[in-house]
Amino acid sequence: MLINDPDTVTELHALYPRYEQALVTNDVDTLMNMFWASPYVARFGPSESLHGINEIEAFRKARSPVNLARTITRLEIVALGKDFASITVAFERDIGGQVKRGRQSQTWVRLPEGWRIVFAHVSLLP
């Protein structure tokens, strides 16, 4: 198996900042475009388990756009072949005057419409 094909990793390094910018600016349209538009996609967050694109979209639209900024402290991409990858992120956010550390993992797949997130997980560390 081809691990970390340089071209594939470069594609994802170029694509991820679009996701991050959309996340911290609450650009729901861009975020939704980056997820697989499928009932099989899932996103698990600190207080939610979302199954299917409709639940993810409803969550995104209802989320407050206030105080979404965060600092990425680590970003890792592991590409398995040319069409499958994981992106893991460690981050820090100011929540209520306290710096909270968190982690995020995403599974990306190259589909006919382009790279899409097929699974995502976000959690805050105690």
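## The largest pocket

Sixteen residues, 16 in figures, line the largest pocket, and Arg43, Pro46, Arg63, Arg93 and Val122 lie nearest its centre. Helix H1 (6-24), helix H3 (53-62), strand S4 (84-95) and strand S6 (114-124) are the elements that give two or more residues to this lining. The structure you are looking at is a predicted model, in which local features need pLDDT of at least 70 and side-chain atom pairs count only at pLDDT 80 or more, while totals for chains, interfaces and linings use all residues. Residues are numbered from 1 along each chain as its sequence is written, and side-chain values use heavy atoms, with hydrogens and water left out.

The largest pocket holds about 270 Å³ of space. A pocket here is an open set of points on a 1 Å grid over the protein atoms alone, where a 1.4 Å probe fits, with protein on both sides within 12 Å along at least five of seven lines; lining residues have an atom within 4 Å of a point. Its volume is the space filled by probe spheres set on the points, which are joined across faces, edges and corners. By type, the lining has eight nonpolar, two polar and six charged residues.

## Strands around S6

Strands pair if DSSP finds at least two bridges between them. S6 pairs with strand S1 (residues 42-44) in the parallel sense over three bridges, and phenylalanine 44 stands opposite histidine 121 in S6.

S6 also pairs with strand S5 (residues 98-111), here in the antiparallel sense over ten bridges. Arginine 103 has serine 123 in S6 as its bridge partner, and a hairpin of two residues joins S5 to S6.

## Helix H1 and what follows

With 19 residues, H1 reaches 28 Å from its first C-alpha to its last, close to the expected 27 Å (1.5 Å times one less than its number of residues).

Leaving out residues up to four places away in sequence, asparagine 26 touches Arg60, Arg63, Pro65 and Leu68 (heavy atoms within 4.5 Å).

Notes. Helices (H or I, at least four residues) and strands (E, at least two) are DSSP runs, numbered from the N terminus. Ala, Val, Leu, Ile, Met, Phe, Trp, Tyr, Cys and Pro count as nonpolar, Asp, Glu, Lys and Arg as charged, and the others, Gly among them, as polar.
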